[in-house]
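I opened this notebook to record what I looked up in one structure, entry by entry. The entries go from the chain as a whole to single residues.

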Amino acid sequence: MAADTTGTADAAAAGGATAGAAVVESGTAVAESGAVIGYEQARDELIDVVRRLEAGGTTLEESLALWERGEKLARVCRHWLEGARARLDASLAEEREDSDQEE
C-alpha cells in the first residue's frame, strides 16, 4: 500500500530535522521542531549510520542505537519512495486514460 505524501514534500522543504527525529506511523520522520525529514536527508543520514556501524569501534549500546536509527531512516526512505511510485503510477494511468480517449 502506497503512503500518501501529499503536503509532506512542502513540509520537508520548510526545514531540516535533528538527528533525534522520531518516525510516526505514516513512515515520516518528524523532528522535535515538527519539521519533516525529506528523502535525501534520510538517505544521507542512513548512509552515515551504515558507515559508522561498518567502521566498528562503538559499544554494544551505541551499535544498537545506530541500528535502530537506521531502521527508522530506512522506513522513512521507503515511505518517500512508495509515495513517489504512487504518484508516477497515477500519472501514467492518467496519461493512458487520455491516450485511450483520443483514439
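**Entry 1: surface and burial.** I began with the accessible surface of the chain, which comes to about 7,100 Å². Carbon and sulfur atoms account for 52% of that surface. I then looked up burial and found that buried residues make up 25% of the 103 residues in the chain.

**Entry 2: confidence.** The model is predicted, and I therefore checked pLDDT, the predictor's confidence in each residue, before reading any detail. The chain averages a pLDDT of 77, and 66% of the residues score at least 70. Which element has the lowest mean pLDDT, and which the highest? I found the lowest, 36, in helix 1 (residues 8–14). The highest, 96, belongs to helix 2 (residues 39–55). I also noted that pLDDT stays under 50 over residues 1–19. For that stretch the model has 36 contacts beyond four places in sequence.

**Entry 3: order of elements.** I counted three helices and two strands in the chain. Read from the N terminus on, the elements run α-β-β-α-α. I next took the contacts in the chain with a separation of 6 or more, and 62% of them are accounted for by residues 24 or more positions apart.

**Entry 4: helix 3.** I tested the span of helix 3 (residues 60–102) against expectation. Its 43 residues, at 1.5 Å a residue, should span 63 Å; the end C-alpha atoms are 63 Å apart, so the two values agree. I then listed the buried residues of helix 3, among them S63, G70, H79 and G83. L66, L73, V76 and C77 are also buried in helix 3.

**Entry 5: the nonpolar core.** How many residues does the largest nonpolar core have? I found nine: V36, I37, A42, V49, L66, L73, V76, C77 and W80. Helix 2 and helix 3 each supply at least two residues of this core. Helix 3 gives the largest share, five residues. For context, I recorded that nonpolar side chains tend to be buried together in soluble globular proteins.

Leaving aside neighbours within four places in sequence, L66 is in contact with V49, R52, L53 and T58. W80 lies in helix 3, and I read its relative accessibility as 12%, so W80 counts as buried.

**Entry 6: salt bridges.** My search of the whole structure found three salt bridges.

I took the pair E45 and R69 to begin with, whose closest N and O atoms are 2.8 Å apart. This pair links distant parts of the chain, with E45 in helix 2 and R69 in helix 3, 24 residues apart. Are the two partners buried or exposed? I found both E45 and R69 buried. For R69 the relative accessibility is 10%, which is why R69 counts as buried under the 20% limit. I also recorded that the C-alpha atoms of R69 and V49, 20 residues apart along the chain, are separated by 7.7 Å.

I turned next to D89 and R85, which form a salt bridge with 3.3 Å between the closest N and O atoms. The two residues are four apart in helix 3, so about one helical turn separates them. D89 has a relative accessible area of 37% and is therefore partly exposed. R85, at 47% relative accessibility, also counts as partly exposed.

The remaining entry concerns D44 and R43, whose side chains meet in a salt bridge at 3.1 Å, N to O. I read 42% relative accessibility for D44, so D44 counts as partly exposed. R43 has a relative accessible area of 31% and is likewise partly exposed.

**Entry 7: points to keep.** I keep the caution that pLDDT stays under 50 over residues 1–19.

Technical notes. Residues are numbered from 1 along each chain as its sequence is written. This is a predicted model: local features need pLDDT of at least 70, side-chain atom pairs count only at pLDDT 80 or more; totals for chains, interfaces and linings use all residues. Side-chain values use heavy atoms; hydrogens and water are left out. pLDDT is the predictor's confidence in each residue, from 0 to 100. Contact means heavy atoms within 4.5 Å. The expected span of a helix is 1.5 Å times one less than its number of residues. Buried means under 20% relative accessible area, exposed over 50%, partly exposed in between (1.4 Å probe, protein chains only). A salt bridge is a side-chain nitrogen of Lys or Arg within 4 Å of a carboxyl oxygen of Asp or Glu. Accessible areas come from the Shrake-Rupley method with a 1.4 Å probe; for residues, only the protein chains shown count as cover. A nonpolar core is a set of buried Ala, Val, Leu, Ile, Met, Phe, Trp, Tyr and Cys residues joined through side-chain atoms within 4.5 Å.
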